[in-house]
Each structure stands twice: as structure tokens, then as C-alpha cells.
Amino acid sequence: MIIRLADCPWQPWKNGLGRTRQIAVHPEGSNNGDFAWRVSMAEVDSAAPFSCFPGIDRTIVLLDGAGFTMTLDGERTHALTTPWVPFDFPGESAVKVALAGGSTRDFNLMVRREHARGRVQVWHEAGEYPLGQHTALIHCASGRITLGRTTLDAGDSWLNHHGTRVRLHAGTTALVVHIEPR
């Protein structure tokens, strides 16, 4: 199933202090309290704290902009300033941010840890890639991806409901979401 970014409306963060576009959620139709996993794209344009998601493992990837520094639970800091580098953190952490410049966009994977383990893999090299058993979603972060007779442009995603091969064109970055049930 192809998910076009233009078909994903903006919605407020759980804490109401920012906005996000939900790309995919499993099971389909679930909400913040009962999803097994969720993929979204957020816009961060202020130093608003992140929403708290107890029991959720989170992965965030900077898509564009100067990024920001995250302070987790008032102790540990992480500079999310390099595009395409996944960073994992627990959803129950209190996360404050300090913008490195203007607004940024980031890609988010949230996985309910009692149900599954998730990870985001980054593909940069042009060529064909086989999909693994646990590949749940591919997001075209930049460039163009071909899946059979279908093309994904930057911002589009594909839910993997059946196996296929994926071809990355030159200059493409793909974010590949793997979900492994527990």
C-alpha cells in the first residue's frame, strides 16, 4: 500500500505543543493508547518538550533543518543535527529540546515494547534491495524508489504487505522500518 505524504494531514502532538503527520499505524485505526507501532513525521519549530509515551521505544531521524539538541530526563543530551542518523530513546523519558537553528522535520518510529522490537535502517546506495521478513515500511526520504511498477517520490511511504524487491535510484535515501514481534 502506497502512502502519499500529501494524504497525511497535520495533527497536534499528544501534548498539543507541536504537530505531526501520522504515516502509518498498526493495527490500522488504533490511537495513542493502543497501537503496536506507529510511524510519523513531525515538525519541530519551537523548544516545546516531546510528548511522553510510557512503554514505547522511540527512534527519531532528522530529515531536514539544522536539528536540535535533546535533553533526556534532565541528564543525558543528544545532538540530533546530522540527517539520516537514527537515535533510539525510551518514550517515557522527559525530553526537552533546544533548536540548533530554525524549524526541522524528523521521522519517528514508536513501538510498544511489550508487543515488538523496532529499528530504522538507512539505505543510501543506488541499487536493488531484497526485503526481509520483518520489513514493515519503507519511507522515501529523498530521491526516488521503484517497487515493481510503483514509484515513491520524496515523502512517500510503502507498507510492506507482501514481499518484493526495492530499487533505489541515484541520490536516494530510504528509511526502512523493521518490526519484529516479541
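**Reading the features**

Modeller: Start with Tyr-129, which is buried at a relative accessible area of 17%. The word follows from the number, because buried means under 20%. Keep in mind that this is a predicted model.

Biologist: Is Trp-123 buried or exposed?

Modeller: Trp-123 counts as buried, at 7% relative accessibility. Values between the two cut-offs are called partly exposed. Thr-81, at 36%, is one of these.

Biologist: How do I read a pair of aromatic rings?

Modeller: Two values describe such a pair: the distance of the ring centres and the angle of the planes.

Biologist: How many aromatic pairs does the structure hold?

Modeller: The structure holds five of them. In one, Phe-87 and Phe-89, the ring centres are 5.9 Å apart and the planes are at 20°, so this pair is stacked. Another is Trp-123 with Tyr-129, where the centres are 4.1 Å apart and the planes at 10°, so that pair is stacked too. The step from angle to name rests on a cut-off, because planes under 30 degrees apart count as stacked.

Biologist: Are Phe-87 and Phe-89 buried or exposed?

Modeller: Phe-87 is buried, with a relative accessible area of 10%. Phe-89 is buried as well, at 4%.

Biologist: Which residues do ring pairs link into a cluster?

Modeller: The cluster consists of Trp-13, Phe-50, Phe-68, Phe-87 and Phe-89.

Biologist: Which ring does the charged end of Arg-19 sit over?

Modeller: The charged end of Arg-19 sits over the ring of Trp-10, at 4.0 Å from the ring centre. A second case is Arg-112, whose charged end sits over the ring of Phe-35, 4.9 Å from the centre.

Biologist: How do I follow the strands around Trp-10?

Modeller: Look for bridges between strands. Strands β2 and β3 run antiparallel and are joined by three bridges. Trp-10 stands opposite Arg-21 in β3. The two strands form a hairpin with six residues between them, and in the turn Gly-16 has a positive phi of about 75°. β3 is also joined to β4, again antiparallel, by seven bridges. There, Val-25 has Arg-38 of β4 as its bridge partner.

Biologist: Which strands make up the open sheet of five, and in what order?

Modeller: The order is β1-β16-β13-β18-β11, with antiparallel pairing. β1 (2-3) and β11 (116-123) are the edge strands, each pairing on one side only. Inside the sheet, β13 (residues 135-142) pairs with β16 (residues 157-159) over three bridges. Leu-137 has Leu-159 in β16 as its bridge partner.

Biologist: How is empty space found in a model?

Modeller: A probe the size of a water molecule is rolled over the atoms, and this shows where empty space is left.

Biologist: What volume does the second largest pocket have?

Modeller: The volume of the second largest pocket is about 190 Å³. It is lined by 17 residues, of which Trp-13, Thr-20, Arg-38, Arg-58 and Met-110 are the closest to the centre. Two or more lining residues come from each of β2 (10-12), β4 (37-44) and β10 (104-112). β4 gives the largest share of this lining, four residues. By type, the lining divides into seven nonpolar, six polar and four charged residues.

Biologist: Backbone angles are my last topic. Where is the cis peptide bond?

Modeller: The cis peptide bond joins His-26 and Pro-27, with omega at about -5°. Pro-27 lies in the loop between β3 and β4.

Biologist: Which residue other than glycine has a positive phi near 55°?

Modeller: That residue is Asp-73. Asp-73 lies in the loop between β6 (68-72) and β7 and is partly exposed, with a relative accessible area of 44%. Trp-84 also has a positive phi, about 70°, although it is not a glycine. Trp-84 is found in the loop between β7 and β8, and Thr-81 has its place in the loop between β7 (76-80) and β8 (87-90).

Biologist: How far is the C-alpha atom of Thr-81 from that of Phe-68?

Modeller: The two C-alpha atoms are separated by 6.0 Å, while the residues are 13 apart along the chain. For Pro-9 and Asp-57, 48 residues apart along the chain, the separation is 24 Å.

Technical notes:
Residues are numbered from 1 along each chain as its sequence is written. This is a predicted model: local features need pLDDT of at least 70, side-chain atom pairs count only at pLDDT 80 or more; totals for chains, interfaces and linings use all residues. Side-chain values use heavy atoms; hydrogens and water are left out. Rings of Phe, Tyr and Trp (its six-membered ring) pair if their centres lie within 6.5 Å; planes under 30 degrees apart count as stacked, over 60 as edge-to-face and the rest as tilted. Buried means under 20% relative accessible area, exposed over 50%, partly exposed in between (1.4 Å probe, protein chains only). A charge sits over a ring if NZ of Lys or CZ of Arg is within 6 Å of the ring centre and within 35 degrees of the ring normal. On a 1 Å grid over the protein atoms alone, a cavity is a set of points where a 1.4 Å probe fits but cannot get out, and a pocket is an open set with protein on both sides within 12 Å along at least five of seven lines; lining residues have an atom within 4 Å of a point. Grid points are joined across faces, edges and corners, and a volume is the space filled by probe spheres set on the points. Ala, Val, Leu, Ile, Met, Phe, Trp, Tyr, Cys and Pro count as nonpolar, Asp, Glu, Lys and Arg as charged, and the others, Gly among them, as polar. Two strands pair if DSSP finds at least two bridges between them.
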